[in-house]
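Me: I'm new to this structure. Can you walk me through it, a piece at a time?
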Amino acid sequence: MSLTIKVNLISPTHLNSCNKPSCFFTAYNPRIRPKPIYHSNRLTTTSTSLKPRRMQGPVRSPSVIKSSLIEPDGGIVVDLVVPESERGTKTVEAESMPKVRLTKIDVEWVHVICEGWASPLKGFMREDEYLQSLHFNSLRMKDGSIVNMSLPIVLAIDDATKESIGSSSNVGLVGPDGHLVAILRSIEIYKHNKEERIARTWGTTAPGLPYVEEAIASAGNWLIGGDLEVLKPIKYNDGLDHYRLSPKQLRKEFDRRKADAVFAFQLRNPVHNGHALLMNDTRRRLLEKGFKNPILLLHPLGGFTKADDVPLDVRMEQHSKVLQDGVLDPETTIVSIFPSPMHYAGPTEVQWHAKTRINAGANFYIVGRDPAGMGHPTEKRDLYDPDHGKKVLSMAPGLEKLDILPFRVAAYDTVAKKMAFFDPSRAKDFLFISGTKMRTYARTGENPPDDFMSPGGWEVLVNITRVCKQRRQQSKRLLYLLSSTQLHFAASLL
């Protein structure tokens, strides 16, 4: 989601000297705790407060508390993880099947499907589901009802893999490390028209789309769909698995907290006090509407992101500090990682983000300016109209039961010396701090204006910037030494 104030720690030009664009970030190892910081807040998420769109009608009775405040798509949250008692038998069976090798992003999609984020989808899409998703952004159920499904969730294979499968009805799915991950049953193989998929999902085939370059351009020319059986829960062993709560776990937690409203907010950036203002204001307005215990689901995206986005481990450490500093209330905030890969497909993708929060149990969704958008990859402009995302959500088929909350613009009020909602009548009093300015603050050690970000959250960003700077200097010295050594070696041959 593109926000009024955006924090990016390293610009693409700073990353060119490294083989892996995010190497300076991943070199930083924040002390992510093996257990959540707040025992009363087992979940934690990232949000921005927004202005309600569809809050008309009678207020829900606060005395009626349901384990599900909103029915999942298809009426049930899909769970495709094989019971532990059957895993041995299923694994032996999978060993004898033809194999399909998964990429890291493919595994993220297996994770998304098997936990029910894409309910009622029960596997990688067959052709009829793929065409409905691609052309209608939705799926028609057997009873004639419509569920939103704006992104095709597909698995690509190459010619050699297709040939090795032959006439088999089932295949084993193997992760990047060579271990069996799942079984795909009753498979269907069909053509992968990449140009059509890209054009209809992104509205352009311009080069430079991050997800396309990472996951589609070099993918195979065939798609394989079928019913998924995942052999064991997907784990990443990165110190963050305790934040990865499934839709069923989230719904159970909302019930435990006796929530009568859940408002979800997704972002890919560190939380500043403008975000906090928006989130806290949303809760205040829900209380005024008659709800007794609104719960914030702060839900940072944890799958694939482009190279210049802030890495997940840094974001989660920063979010933890924000709660520790009391900017958000741990008793009314749940922080959890949303495992989906990021497409940067604007109004098409924001429907997916909203739909998955229905399945997670949220009945309010916060949407901001240019959600899931990005700059045009070849031109100096936004790829999407910044207002279209929230407009599309208000009309999208299958999302009628979700209340959309467009957020108000927040900026730094130089008179009040704090983050505040922008007042056009005194526009000169407000400061919009760009990502470039934020990086300058962090790089030079200069503090941002008071009350822009919690002290602990800002310290995390300063520390990672310092580590990045040290790494760049070390890389330059190493390159100099290597060049000097090569020159001496070449001279010795003369």
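Me: Let's start with Asp73: buried or exposed?
Reply: Asp73 is buried, at 2% relative accessibility. Buried is under 20% relative accessible area, exposed is over 50%, and partly exposed lies in between, with a 1.4 Å probe and protein chains only. This is a predicted model, where local features need pLDDT of at least 70 and side-chain atom pairs count only at pLDDT 80 or more, while totals for chains, interfaces and linings use all residues. Residues are numbered from 1 along each chain as its sequence is written, and side-chain values use heavy atoms, with hydrogens and water left out.

Me: Which side chain meets Asp73 in a salt bridge?
Reply: That of Lys401, at 3.3 Å from N to O. A salt bridge here is a side-chain nitrogen of Lys or Arg within 4 Å of a carboxyl oxygen of Asp or Glu. The pair links distant parts of the chain, 328 residues apart: Asp73 is in the loop between helix H2 (23-26) and helix H3 (87-95), and Lys401 is in the loop between helix H13 (388-393) and strand E12 (403-406). Helices (H or I, at least four residues) and strands (E, at least two) are DSSP runs, numbered from the N terminus.

Me: And Lys401, how exposed?
Reply: Lys401 is partly exposed, with a relative accessible area of 36%.

Me: How many salt bridges does the count come to?
Reply: The count is 25 salt bridges. One of them joins Lys428 and Asp429 at 3.5 Å, N to O; Lys428 is exposed at 76%, while Asp429 is buried at 13%. There is also a network of salt bridges linking Asp281, Arg284, Arg285, Glu288 and Arg408.

Me: Change of topic: helix H4. How many of its residues are buried?
Reply: Eleven of the twelve residues in H4 are buried. Among them are Trp109, His111 and Cys114.

Me: What do they pack against?
Reply: The buried residues of H4 pack against strand E1 (99-101), E6, helix H8 (210-216), E7, helix H9 (247-256) and helix H12 (346-360). Contact means heavy atoms within 4.5 Å.

Me: You mentioned E6. Which strands pair with it?
Reply: Strand E5 (residues 171-174) pairs antiparallel with E6 (residues 180-191) over four bridges, and eight bridges join E6 to E7 (residues 222-230), also antiparallel. Two strands pair if DSSP finds at least two bridges between them. Gly172 has Ile183 as its bridge partner in E6, and Glu188 stands opposite Gly225 in E7.

Me: What sits between E5 and E6?
Reply: Five residues lie between the strands of that hairpin, where Gly178 takes a positive phi near 90°.

Me: What order do the strands have in the open sheet of three?
Reply: The order is E14-E13-E15, with antiparallel pairing. Strands E14 (418-421) and E15 (430-431) are at the edges with a single partner strand each, so one side of each has no neighbour in the sheet. E13 (residues 410-413) pairs with E14 over four bridges.

Me: Last one: where is Pro152?
Reply: Pro152 is in the loop between strand E3 (146-148) and strand E4 (156-157). Pro152 is buried, at 4% relative accessible area.
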